[in-house]
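Thanks, everyone. I'll take a few minutes on how two parts of one chain meet. Here is the model.

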Amino acid sequence: MKALKIPEATIQRLSIYSRFLKRLDKKGITTVSSGDIAEGVGVSPAQVRKDLAYFGEFGTRGVGYNVKDLIRYTVKILGLSEPWNLVLVGAGNLGSALVTYREFRDRGFTIVGVFDNDLTKIGKRIADLEVLPLEKLTEVVKENNVRIGIIAVPAKAAQEIADIMVKAGLEALLNFAPIALNVPDHVEVRNVDLSVKLEILTFNLALREK
């Protein structure tokens with residue numbers, strides 16, 4: 001399987017499928033069809049089959065998919081067979097919300113360090129974590145085998161934080177700052193701009209009124 005040939009939209013849907021399957025499993029449902037998955041997540045059955053086909057043959061024609069087996073396959077494909085430790089820089093409102101976001105832990109992600117350069121925040125606690133100075137970032141990254149960092153700082157500080165994270169050895173960054181980051185080629189970056197998502201909604205609503 002060559003990940004570069006798989007559309008990122010497929011990976012995003014695979015994550016959605018995985019969460020939907022876990023909800024079915026909790027309800028005691030043992031078998032599911034592509035139509036059931038499609039209806040549950042809002043895509044077409046053909047799209048579900050196409051997405052899964054990138055990774056091999058799953059299920060039995062006329063019977064469907066075993067829910068537990070498909071959960072196991074999707075979790076493995078998404079790299080979630082083992083837990084992932086994360087660090088976060090930015091102990092403001094957004095950072096605090098992310099630290100306490102239950103879905104991270106439910107999906108196997110654990111924030112093991114929170115950092116800030118604001119002296120009024122350093123030493124305070126968010127959930128069970130003490131906010132640490134940035135000087136301790138590299139130490140925490142190495143001690144906890146951290147490969148992914150979250151940036152939750154204002155745009156003007158984001159590039160500096162990205163540089164510090166890369167220097168600390170992080171290989172992937174989830175960036176909530178509304179700015180494009182300049183990082184080495186070996187570092188993966190995904191941007192989450194909440195304003196852009198809202199503007200897509202307002203665009204679609206405005207379009208209805210034309």
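The centres of domain 1 and domain 2, taken over C-alpha atoms, are 31 Å apart. Domain 1 covers 8–76 and domain 2 covers 84–195; such bounds come from an automatic or database domain assignment.

A word on the basis. This is a predicted model, where local features need pLDDT of at least 70, side-chain atom pairs count only at pLDDT 80 or more, and totals for chains, interfaces and linings use all residues. Residues are numbered from 1 along each chain as its sequence is written, and side-chain values use heavy atoms, with hydrogens and water left out.

Now the interface. Domain 1 and domain 2 bury about 340 Å² between them, 25% of it on carbon and sulfur atoms. Buried area is the accessible area (1.4 Å probe) that two parts lose on being put together, summed over both.

Next, charges. The rule finds two salt bridges across the interface of domain 1 and domain 2. That rule wants a side-chain nitrogen of Lys or Arg within 4 Å of a carboxyl oxygen of Asp or Glu. Glu-8 pairs with Arg-190 in a salt bridge, and their closest N and O atoms are 2.8 Å apart.

Last, the record. UniProt, in an unreviewed entry, places "domain: CoA-binding" at residues 80–180. UniProt positions are in the numbering used here, feature names are shortened, and annotations may be inferred rather than shown by experiment.
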